[in-house]
Amino acid sequence: MSYSDVAEQRETGHEVAGSTTNPAGNQGVQSERARANIFSSGQHAFLLRSPGRSIQANGCRSQLPSGSSATLVQRVQQFFATNHHGPELLVGVLPFDPQAEDYLVQPEELTYARVNVTPQPPVAGQWRVERAPGVTEYQSMVSAALAQMAASLQQLPTSSAKQALSKVVLARSLLATASEPLDSYAVLSQLAKDEAVTAFIASLPPLNGLARQLVGGTPELLVSRHGHIVSSNPLAGSAKRHADPAVDKAAAEALLKSEKDRREHQVVVESILDNLAPFCRQLKAPAMMQLQSTASMWHLGTEIEGVLKNDDTSSPELAVALHPTPAVGGTPADEALQLIRKLEPVDRGFYAGAVGWTDRQGDGEWYLSLRCGEVCANQIRLFAGAGIVADSDPVAEAAETSAKFVALLSALGIDEQGNPLSK
Ligand SMILES: C=C(O[C@@H]1C=C(C(=O)O)C=C[C@H]1O)C(=O)O
């Protein structure tokens with residue numbers, strides 16, 4: 001039985017037998033304490049809890065040989081063709097940069113049962129936060145991107161204006177250092193309070209012998225494949241949420257009407273439809289973009305669904321075809337990528353890449369790794385980005401990145417300066 005079958009049964013309320021598999025054939029859903037211990041023990045661990053589905057994978061039975069996105073489909077195919085023992089599933093992370101190396105493993109054991117997470121106190125103690133780049137530098141990066149877009153448009157004859165650089169997503173990062181080691185599971189437990197997001201923890205390749213994990217709560221589905229159904233839920237165009245319901249509603253309405261945000265969103269939808277079309281015999285997206293929200297942000301969103309032409313098209317193949325979408329990269333993708341490499345001072349690593357799983361049948365789910373941080377010992381590096389289009393305002397774009405940091409910073413119990421949040 002594939003993961004999709006199990007998840008489908010869960011969703012429809014049927015009892016699921018054998019929700020945990022491991023080599024000894026043992027069954028059982030772990031206690032939350034046991035789960036938290038796994039995440040702090042340094043062994044390989046993976047947890048993905050989306051609004052409808054959960055998957056938890058512990059241990060590393062074998063690692064998929066790492067490589068760039070160009071070889072992912074072939075490596076995954078080869079893996080399932082030659083590995084016959086253990087769970088028929090790979091879980092892990094794809095980097096933002098398609099030329100960088102991914103990190104996927106076949107776990108020792110799997111749990112599909114709904115993961116309930118009890119909020120635990122965020123890390124206590126003192127924090128120091130360093131910005132890279134600083135806010136003023138970020139605004140200069142946005143101005144540089146705007147200049148590049150104008151130049152790109154000027155260099156092309158009017159008939160080719162569509163090929164000009166029209167969107168680039170620029171990110172900034174915060175390195176937060178605590179006075180004691182960080183507990184990724186406690187950070188996840190705070191993020192998971194927001195039922196609108198897909199909460200995740202994924203082990204990353206160790207750095208200088210130290211265990212690292214990516215922990216986050218993402219609102220965005222890059223792509224999923226269940227049987228012959230393909231789904232994607234791109235978000236682009238954002239506004240901060242407000243405690244006052246009237247102000248919050250006004251912010252949402254203004255976002256829905258904003259010509260600049262609608263254009264920013266449309267670019268993403270078009271790119272996804274163009275890239276999915278060759279794989280699909282049916283493909284549909286609603287004519288109108290919708291408002292979608294998390295606890296701290298409003299977004300413009302579109303739910304895209306397609307029917308595959310060929311059942312051999314796997315979820316890694318679809319993820320590679322789409323990534324990086326202009327929700328996290330830009331358009332044209334290559335030019336945007338070059339500009340990101342040139343302007344951003346900190347390598348994105350696995351931020352704005354994807355986190356997810358694929359099984360032997362090719363089913364799988366890949367979420368964009370957003371609203372996340374890379375945890376190592378007593379540090380966490382956070383990233384947040386904003387889509388820059390022709391009439392972007394550098395000050396407003398910097399403010400948008402601050403708003404996107406709120407989810408993670410609140411989970412840590414601090415503000416952007418590292419001061420404790422008042423209760
Ligand atoms: C890049 C991020 O978010 C992406 C960019 C968005 C935008 O520019 O409006 C909205 C959602 C995400 O697709 C981020 O959260 O860091």
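Pro332 sits in the loop between strand 19 (330-331) and helix 9 (333-343). Helices (H or I, at least four residues) and strands (E, at least two) are DSSP runs, numbered from the N terminus. The peptide bond from Thr331 to Pro332 is cis, with omega near -5 degrees. The structure is a predicted model: local features need pLDDT of at least 70, side-chain atom pairs count only at pLDDT 80 or more, and totals for chains, interfaces and linings use all residues. Residues are numbered from 1 along each chain as its sequence is written.

A cis peptide bond also joins Ala132 and Pro133, where omega is about 0 degrees. Pro133 is placed in the loop between strand 8 (127-132) and helix 4. Another backbone feature is found at Asn208. This residue is not a glycine, yet its phi is positive, at about 50 degrees. Asn208 belongs to the loop between strand 10 (198-207) and strand 11 (210-218).

Helix 4 (residues 135-155) packs with helix 10 (residues 394-412) at an angle of about 125 degrees, and their axes are 9 Å apart. Axes are lines fitted to C-alpha atoms, for helices over the stretch in contact, and angles run from 0 to 180 degrees between N-to-C directions. Helix 4 and helix 10 are therefore oblique to each other. Angles under 35 degrees count as roughly parallel, over 145 as roughly antiparallel, 65 to 115 as roughly perpendicular and the rest as oblique. The crossing of helix 4 and helix 10 is right-handed. A crossing is called right-handed if the near helix is turned clockwise from the far one by less than a right angle, and left-handed if anticlockwise. Helix 4 contributes Val135, Tyr138, Gln139, Val142 and Ser143, which meet Pro394, Val395, Glu397, Ala398 and Thr401 in helix 10. Residues are in contact if their C-beta atoms, placed from the backbone, lie within 7 Å. By class, this contact of helix 4 with helix 10 has six nonpolar, three polar and one charged residues. Ala, Val, Leu, Ile, Met, Phe, Trp, Tyr, Cys and Pro count as nonpolar, Asp, Glu, Lys and Arg as charged, and the others, Gly among them, as polar.

Helix 10 also packs with helix 5 (residues 184-191); the two axes come within 8 Å and cross at roughly 120 degrees. Helix 5 and helix 10 are therefore oblique to each other. Their crossing is right-handed. Val187, Gln190 and Leu191 of helix 5 make the contact with Ala407, Ala411 and Leu412 of helix 10. The contact of helix 5 with helix 10 has five nonpolar, one polar and no charged residues.

Helix 3 (residues 72-82) and helix 8 (residues 315-322) pack at about 170 degrees, with axes 9 Å apart. Helix 3 and helix 8 are therefore roughly antiparallel to each other. Leu72, Val73 and Val76 of helix 3 touch Pro316, Glu317 and Val320 of helix 8. Five nonpolar, no polar and one charged residues form the contact of helix 3 with helix 8.

The ligand is surrounded by 18 residues, and the closest are Ser238, Ala327, Leu370, Gly385 and Gly387. A residue is near a molecule if its C-beta atom, placed from the backbone, lies within 6 Å of it. Strand 9 (167-178), strand 14 (235-240) and strand 23 (379-388) are the elements that give two or more residues to this shell. The shell around the ligand has ten nonpolar, five polar and three charged residues.

Conventions. Contact = placed C-beta atoms within 7 Å.
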